[in-house]
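Q: Please take a close look at one part of this structure. How do its elements pack, pair and link up?

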Amino acid sequence: MNAEFINPFIAALLNVMKTMAQIQLVPGKPKKKSDNQARGDISGLIGMVGENIQGSMSISLDEGLVLEIMQKMLGEKPDSLDSDVQDMVGEITNMICGGAKNELGEKGYDFGMATPVVVSGVNHSIKHQVDGKKMVMPFSHESGKLYLEMCFNK
């Protein structure tokens, strides 16, 4: 998978977490992914379609981390992954993809974004919408882990 596609999503993720939630994530080592198993407790998935690129991106977060983000972004910390948390994960997914879309657009890759889908629960799965190589990039924080997944037809 081309770093030219991946790096804008990593940069957008780190920027959104830092500016919106004052959360500094520590990047891990990217790996190929062959299954559909989510690594976190709640995930946001968004599809992207353009003339010269098709793919999808997801973020999957541990419950402790997503509740910490909710506390820092909105000033409230729910007891569980309720509908407000799900809405926030969808919005974060949208912001990350939008940030990457702007950077990739400057490089000649223009695409439309679908509405994010949010799935939660222990052992849920993430089904990327294109057949392509999948990559997962882990990030850590004292409140939990976040996993950025990318799948492109390139």
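A: For a pair of axes, angles under 35 degrees count as roughly parallel, over 145 as roughly antiparallel, 65 to 115 as roughly perpendicular, and the rest as oblique. This is a predicted model, in which local features need pLDDT of at least 70 and side-chain atom pairs pLDDT 80 or more, while totals for chains, interfaces and linings use all residues. Residues are numbered from 1 along each chain as its sequence is written, and side-chain values use heavy atoms, without hydrogens and water.

Helix 1 (residues 3-21) and helix 2 (residues 63-74) have axes that come within 8 Å and cross at roughly 50°; helices (H or I, at least four residues) and strands (E, at least two) are DSSP runs numbered from the N terminus, and axes are fitted to C-alpha atoms, for helices over the stretch in contact, with angles from 0 to 180 degrees between N-to-C directions. Helix 1 and helix 2 are therefore oblique to each other. M17, M20 and A21 of helix 1 meet I69, K72 and M73 of helix 2 (contact means heavy atoms within 4.5 Å).

Strand 4 (residues 54-61) has seven of its eight residues buried, so the rest of the structure largely encloses it; buried means under 20% relative accessible area, exposed over 50%, and partly exposed in between (1.4 Å probe, protein chains only). Strand 4 runs antiparallel to strand 3 (residues 42-49), joined to it by eight bridges (pairing takes at least two DSSP bridges). The two form a hairpin with four residues between them, and I46 has M57 of strand 4 as its bridge partner. Strand 4 also pairs with strand 8 (residues 144-152), in the antiparallel sense over seven bridges, where S56 stands opposite C151.

Strand 8 also contributes to a charged group. E149 forms a salt bridge with K33, the closest N and O atoms being 2.6 Å apart; the term covers a side-chain nitrogen of Lys or Arg within 4 Å of a carboxyl oxygen of Asp or Glu. E149 lies in strand 8 and K33 in strand 2 (residues 31-33), so this pair ties together parts 116 residues apart in sequence. Both E149 and K33 are buried, K33 at 5% relative accessibility.

K33 also meets D35 in a salt bridge (3.9 Å, N to O), and D35 in turn forms one with R39 at 3.3 Å between the closest N and O atoms. D35 is partly exposed at 32% relative accessible area, and R39 is partly exposed at 35%.
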